[in-house]
Amino acid sequence: MVRMFLPRIAFLGFLGLAASAHAATLDGLAVNVTNTSEPVLCAEKDNVAINFASPEVRNFRIEAAHPAYIGNLRQDRWQPDWTACEDISAETSERGPPPKKITFYESVDMWLTGFSFANFWRPSDVTMRIGDKVERNLHMVQLWVRRNERVEEVLVLYPADGYWRIRPLPPAHLGWSAYGSSFLVGPVEMDKRPVVNLKDVAFEPKTMTFTLTFANGGKATVSIKDLTDERFTLDVNFDQPIKDQPFAALRSMYVTEFNADVARIAAREEKAPSWREEPIMNFKGAKATDVWMGRLVPSRHNTSAPDMMFNRFRAGPGSSH
């Protein structure tokens, strides 16, 4: 499914180069990791689906980190690739009036902007709250931060279907970096594609925490714990375990090794002495405490997009740090 994006804003870069994602946590619960990915030819379809399920998990970590090759990257690519896309195109995805934009929170160092699209694939009746301010019918929410006199967009949430994207602050030599894989937090359901049905999203600027109320009951908090030019880390807490369906999922795209937002997966399986690594489309599932999904070689699609890590699964509430 095609996502709608606004034109990027480029800035002069002077942040340090990034390190790779953290190593294995060596503890925590092992969760069921399944792969429901399907092969496609169109690079603008989310065909990769890695699902995380456990009847016990109430806390875990999601991390985005620059790919291992970021220091050697001299040319970035982020333009859409409509090759072999028979049922979608740039024309069909951009059809309709311009989106309505609002800024519903602003401070010196952070602000939130929201957009309503006339042709979003799914209606949005989710309530967005910051203090006493309430907004409805937003299809996309962007979080912007000011760091070292630079302004960066670092997080996107689509309230209508529960999709998120995050990225670290950009490396100095590029000055900008791309979004790549999306993820879902909460009870994952199917409605033409995997979704999380939200009723309400509240944001607390002081703690940089989103509070999610799910349509069928239950809540979660998603807190920003680490945002640097190396990684972006979220801490997720559920008020109760999510049973009988995934509690999170990664969505991405893979056409070929050189045309993918995610191409490889590595899992640290329960009590295993080493990581298991393989092409993501070959992955048959695992019971794992740590899962990394990313790329080892540059792709022609969203070349600078981050790798993703899911780990530090816990049965009790609290910080995963």
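Modeller: Cys42 and Cys85 form a disulfide, with 1.9 Å between their sulfur atoms. This is a predicted model, and a search through the whole of it finds one disulfide. The link of Cys42 and Cys85 is right-handed, with 90 degrees about the S-S bond. Cys42 sits in the loop between strand E1 (31–35) and strand E2 (48–53), while Cys85 sits in the loop between strand E3 (59–65) and helix H1 (90–93), so the pair ties together parts that lie 43 residues apart in sequence. Both ends fall under the 20% cut-off for burial: Cys42 is buried because its relative accessible area is 2%, and Cys85 is buried because its relative accessible area is 11%.

Next come the aromatic rings. A pair of aromatic rings is described by the distance of the centres and the angle of the planes. The count comes to 15 aromatic pairs. One of them joins Phe60 and Phe238, a tilted pair at 6.1 Å centre to centre with 35 degrees between the planes. This pair links distant parts of the chain, since Phe60 belongs to strand E3 and Phe238 to strand E17 (residues 231–238), 178 residues apart. Phe60 and Phe238 are both buried.

For Trp111 and Trp144, the ring centres are 6.5 Å apart and the planes are at 5 degrees, so this pair counts as stacked. Trp111 in strand E5 (residues 110–116) and Trp144 in strand E8 (residues 140–147) are 33 residues apart, and their pair also links distant parts of the chain. Trp111 counts as buried because its relative accessible area is 15%, and Trp144 counts as buried because its relative accessibility is 11%.

Phe60 and Phe238 also belong to a cluster linked by ring pairs. Other members of this cluster include Phe52, Trp164, Phe183, Phe203, Phe210, Phe247, Phe310 and Phe313.

Ser177 is placed between strand E10 (163–166) and strand E11 (182–185), and it counts as buried because its relative accessibility is 2%. Leaving aside residues up to four places away in sequence, Ser177 touches His66, Asp76, Arg167, Pro168, Pro170, Pro171 and Ser304. Arg167, one of these contacts of Ser177, lies over the face of Tyr179 at 4.0 Å from the ring centre.

Definitions and conventions. Residues are numbered from 1 along each chain as its sequence is written. This is a predicted model: local features need pLDDT of at least 70, side-chain atom pairs count only at pLDDT 80 or more; totals for chains, interfaces and linings use all residues. Side-chain values use heavy atoms; hydrogens and water are left out. Helices (H or I, at least four residues) and strands (E, at least two) are DSSP runs, numbered from the N terminus. Buried means under 20% relative accessible area, exposed over 50%, partly exposed in between (1.4 Å probe, protein chains only). Contact means heavy atoms within 4.5 Å. A disulfide is a pair of cysteine sulfur atoms within 2.5 Å. Rings of Phe, Tyr and Trp (its six-membered ring) pair if their centres lie within 6.5 Å; planes under 30 degrees apart count as stacked, over 60 as edge-to-face and the rest as tilted. A charge sits over a ring if NZ of Lys or CZ of Arg is within 6 Å of the ring centre and within 35 degrees of the ring normal.
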